[in-house]
Amino acid sequence: MNEALERASAGEELRRADVLELLSLEVGSGDYYALLCAANAEARSRFGGRGAIFAQIGIEASPCPANCGFCSLAKDVFPAENSFVLPVESACYMAGEIAAQGVDELFLMTTANYPQEDFLEYARRVREHIPDGMRFVANVGDFGHEYARELRAAGFTGVYHIRRLGEGRDTELEPAARVRTLDAVKEAGLELYYCVEPIGPEHTYEEIADEMFRAKEYPVGVMAVMKRVCVPGTRLFGRGEISAAELAKICAVAELCVKPERAMGVHEPDELCLMAGANQIYAEVSVNPRDTSLSTETGRGASAAKTKAMLAAAEWRWEGRR
Ligand code: SF4
């Protein structure tokens, strides 16, 4: 067993060199399975065997100026005539249904195009349809300190925000602006949700390790990994996808490096990662940047029932929201 794996198996803090060594393990080798085993054991112990389901409602679709090369809503690929905003009454109904199913946390997502003030008003309405104790998370474009405080006042408890792999190269966003938003989230006392994403075959282990350590340094209680999905028509479609086996390796390293207190997620929902350190997956409804359908629940998005079945298949106990 190599030294990094020994440190990981012993529950020791991983150094950058350890993370790079573990990410370099050959898929299918004995050490690869030992890595997955260590992450799985540690996650089951830290999360007490409990799985988690988060749900996301995409409330709006329009040609997004961020123009991310992997996204179905990027301005280069999304037809303006298909733009739409989910009626707030529909979102309220969906939120109520999601809450009634016992889903742990609810996310609202927009493109980077959606007006900030409109989003606050929309979110206040939706918030009224979920229980007081349910965590409520915004997934929106960049913002500053003042808007972060307004999100909190509107009822949000947290924000999903990331500096993407390839940010500024495969997107038209400034990496520094992404980081400023992360800082604004923390400064406002909102919970930051982080993810290494969207992982493609061209990303180096150095880049992937950078994002793991960024999460660790903030720190975050909910971490995740996500592979890039090849959406037909998008600019990066031809670059292909990493395998499920490779994603499981990255998931295992992220779990052992960051040791998130509340949950370790994976997108898309994936049983292999649920045996490699992940305990949390998403149900999705309405718009989804990884889907060309504007009703992802009939396309790529998993339902709450499917996510429950997947957690059960990997023997994660799901008891619903506490
Ligand atoms: S991933 Fe988000 S920010 Fe990027 S183009 Fe799609 S909607 Fe816009």
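Mentor: The account below begins with the model, turns to the strand, and then takes up one glycine and the ligand.

The model is predicted, and local features need pLDDT of at least 70, side-chain atom pairs count only at pLDDT 80 or more, while totals for chains, interfaces and linings use all residues. Residues are numbered from 1 along each chain as its sequence is written, and side-chain values use heavy atoms, with hydrogens and water left out.

Strand S1 comprises residues 52–58, and seven of its seven residues are buried. Buried here means under 20% relative accessible area with a 1.4 Å probe, protein chains only; strands are DSSP runs (E, at least two residues) and helices likewise (H or I, at least four), numbered from the N terminus. In a regular strand the side chains alternate between the two faces of the sheet. In S1, Ala52, Phe54, Gln56 and Gly58 lie on one side and Ile53, Ala55 and Ile57 on the other, and both faces are covered.

S1 runs parallel to strand S4 (residues 105–109), to which five bridges join it; strands pair if DSSP finds at least two bridges between them. Within S4, Leu108 is the bridge partner of Ile57.

Gly320 is placed in the segment after helix H10 (304–313). Gly320 counts as buried because its relative accessibility is 5%. Setting aside neighbours within four places in sequence, Gly320 contacts Arg50, Gly102 and Asp104, contact meaning heavy atoms within 4.5 Å.

As for the ligand, the residues surrounding it include Cys64, Phe70, Thr111 and Arg164.

Technical notes: Near = heavy atom within 4 Å. Buried < 20%, exposed > 50% of the residue type's maximum accessible area, 1.4 Å probe, protein only.
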